[in-house]
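Let's take a walk through this fold together, one piece at a time. Have the picture open as you read.

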Amino acid sequence: MRESVNNRLLLHLVTDRSLSQRRSLVEVVAEAVAGGITCVQLREKSCSTREFLDEALALKALLQPLRVPLIINDRVDIAQAVAADGVHLGQTDMPISHARRLLGQNCLIGISAESVADAIEAEQQGADYIGISPVFSTPTKTDTAPALGLDGIRQIRELVRIPLVGIGGISAANAQQVLAAGADGVAVVSAIMAAESPRLAAEAIRGELG
């Protein structure tokens, strides 16, 4: 898995059940994968541990046969419990060194970076990839730093060598610009989760990425 990080992170779906229009998470993710998603990050901010675990197990059962990586947002314990392919950590989550000790060398660890300094530190501490957040302004998250923009991606690309994934306000209209600025992939939330057809939305973005 870690040998092909760049390819797997090309089009990264970050889940948000509140946008799914009453469809099951598995249904939306299955459609998105059919449309070209290469990686899925399960993000749950307002459910119980048991419910989070159940969702993770359901997605693992869907994604593993398709060889699509499952990454768990924030919760190292859930990632460990379901043998997920990776975990994505924020600046206030478990330090990389502790997560690595629990999850092992083969597990991907991604870190959210809201500044150039965050990105440099993440690489130094052993992150496998960096989520640059947010690239553009987005209503999906209200607790983020000001948008870094394409110039922010360029600055980080000059200073770090590990893969970069842009997230925040990304859609088919601007995804290619994010790659052109130096990112290795994009992460999408509402443009796919809230779409009438997650498959067609994923296809549209994937088509822009080449």
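Before we start, one term: two strands count as a pair if DSSP finds at least two bridges between them. Strand β1 (residues 11-14) and strand β2 (residues 39-42) have three bridges joining them, and they run parallel. If you'd like a spot to look at, find Val 14, whose bridge partner in β2 is Gln 41. Keep in mind that what you're looking at is a predicted model.

Now zoom out. What do the strands close into?

Strand β5 covers residues 108-113 and is mostly covered up, with six of its six residues buried. In a regular strand, side chains alternate between the two faces of the sheet. You can follow that here: Leu 108, Gly 110 and Ser 112 point one way, while Ile 109, Ile 111 and Ala 113 point the other way, and all are buried.

On one side, β5 is joined by four bridges to strand β4 (residues 86-89), and the two run parallel. His 88 is the residue that stands opposite Gly 110 in β5. To get from β4 to β5, bring in helix α5 (residues 96-103): the three make a right-handed β-α-β unit.

Moving on to β6 (residues 129-132), you'll again find four bridges to β5 and a parallel run. Here Ala 113 stands opposite Ile 132 in β6. Helix α6 (residues 116-124) goes with these two strands, and β5, α6 and β6 make a right-handed β-α-β unit.

So much for the strands; what about the packing? In soluble globular proteins, nonpolar side chains tend to be buried together. In this model the largest nonpolar core has 60 residues, and the ones with the most contacts inside it are Ile 37, Ile 72, Ile 130, Val 186 and Ile 192. Helix α2 (residues 25-34) supplies the largest share of this core, five residues. Apart from this core lies another one, of 10 residues, including Leu 9, Cys 39, Ile 71 and Tyr 129.

For a last stop, which residues does Ile 37 touch, leaving aside its neighbours within four places in sequence? Ile 37 is in contact with Leu 11, Leu 13, Ala 32, Val 68, Ile 192 and Ala 202.

Technical notes. Residues are numbered from 1 along each chain as its sequence is written. This is a predicted model: local features need pLDDT of at least 70, side-chain atom pairs count only at pLDDT 80 or more; totals for chains, interfaces and linings use all residues. Side-chain values use heavy atoms; hydrogens and water are left out. Buried means under 20% relative accessible area, exposed over 50%, partly exposed in between (1.4 Å probe, protein chains only). A crossover is right-handed if, with the strands pointing away from the viewer, the path from the first strand over the helix to the second runs clockwise. A nonpolar core is a set of buried Ala, Val, Leu, Ile, Met, Phe, Trp, Tyr and Cys residues joined through side-chain atoms within 4.5 Å. Contact means heavy atoms within 4.5 Å.
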